[in-house]
Amino acid sequence: MSLTVPNELLEQARAGEVDEAAFVACVRDSLPYAWELISRLVAERERTGAEFADNHVPPPDEAARGQLLRCMASDAMRGALERHFGVRLAFQNCHRVAVFRPDAEQAWAEFVTPRAQILNQRPELVDC
């Protein structure tokens with residue numbers, strides 16, 4: 001299961017629209033490793049003023065890896081986090097998450113190319 005959904009949020013979804021802040025809180029609480037990683041990258045990008053900040057450290061275990069994969073694979077979660085943090089997210093392999101300034105279109109476009117994906121490959125990442 002991707003998220004541990006509180007009953008109130010489930011009822012809200014059944015009734016119609018879901019409050020995005022409540023959804024973001026659900027993601028934060030359900031996927032703490034993914035939340036902390038993205039939060040850290042957002043803070044790093046803001047501190048440096050760079051177009052983007054990215055992670056090069058593999059998750060500490062399979063549970064953390066699973067959280068990150070679930071978070072980045074979900075359009076709903078990814079979009080909500082992008083809106084919440086005011087960034088654009090990108091993802092390579094099992095752990096290379098990057099947060100971009102929304103106006104860093106060229107840097108984002110280069111990060112998501114097949115060339116960038118291939119250059120990011122290493123033998124130890126084959127089974128990640």
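User: Where is Glu 110 found?
Analyst: Glu 110 sits in helix α6, which covers residues 105–111. Keep in mind that this is a predicted model.

User: Is Glu 110 buried, exposed or partly exposed?
Analyst: Glu 110 counts as partly exposed, because its relative accessibility is 47% and that class lies between 20% and 50%.

User: And which side chain does Glu 110 have a polar contact with?
Analyst: That would be Gln 106; the two side chains are joined by a polar contact of 2.9 Å.

User: Switching to helices: how do the axes of α3 and α4 cross?
Analyst: Helix α3 (residues 32–48) and helix α4 (residues 62–73) have axes that cross at roughly 70 degrees and come within 7 Å. The two helices are therefore roughly perpendicular to each other, since angles from 65 to 115 degrees fall in that class.

User: Which residues make the contact?
Analyst: On the α3 side, Pro 32, Tyr 33, Ala 34, Leu 37 and Ile 38 take part. From α4 come Ala 64, Gln 67, Leu 68, Cys 71 and Met 72.

User: OK, rings now. How many aromatic pairs does the structure hold?
Analyst: There are four aromatic pairs. One of them joins Trp 35 and Phe 85, with ring centres 5.1 Å apart; the planes are at 45 degrees, so this pair is tilted.

User: Which helices do Trp 35 and Phe 85 lie in?
Analyst: Trp 35 is in helix α3, while Phe 85 belongs to helix α5 (residues 75–85), so the pair ties together parts 50 residues apart in sequence. Both Trp 35 and Phe 85 are buried.

User: What about Phe 100 and Phe 111?
Analyst: Phe 100 and Phe 111 form an edge-to-face aromatic pair, 5.5 Å centre to centre with 70 degrees between the planes. Phe 100 is in strand β3 (residues 96–100) and Phe 111 in helix α6, so to speak distant parts of the chain, eleven residues apart.

User: Why does Phe 100 count as buried?
Analyst: Because its relative accessible area is 0%, and buried means under 20%. Phe 111 is buried too, with a relative accessible area of 6%.

User: Last one: which residues form the aromatic cluster?
Analyst: Phe 52, Phe 100 and Phe 111 form one aromatic cluster.

Conventions
Residues numbered from 1 in each chain as written. Predicted model: local features only at pLDDT ≥ 70, side-chain atom pairs only at ≥ 80, totals over all residues. Heavy atoms only, no water. Helix = DSSP H or I, 4+ residues; strand = E, 2+ residues; numbered from the N terminus. Buried < 20%, exposed > 50% of the residue type's maximum accessible area, 1.4 Å probe, protein only. Polar contact = N/O pair within 3.5 Å; in protein donor to acceptor, adjacent residues only side chain to side chain. Axes fitted to C-alpha atoms, helices over the stretch in contact; angles between N-to-C directions. Parallel < 35°, antiparallel > 145°, perpendicular 65-115°, else oblique. Contact = heavy atoms within 4.5 Å. Phe/Tyr/Trp six-rings, centres within 6.5 Å; stacked < 30°, edge-to-face > 60°.
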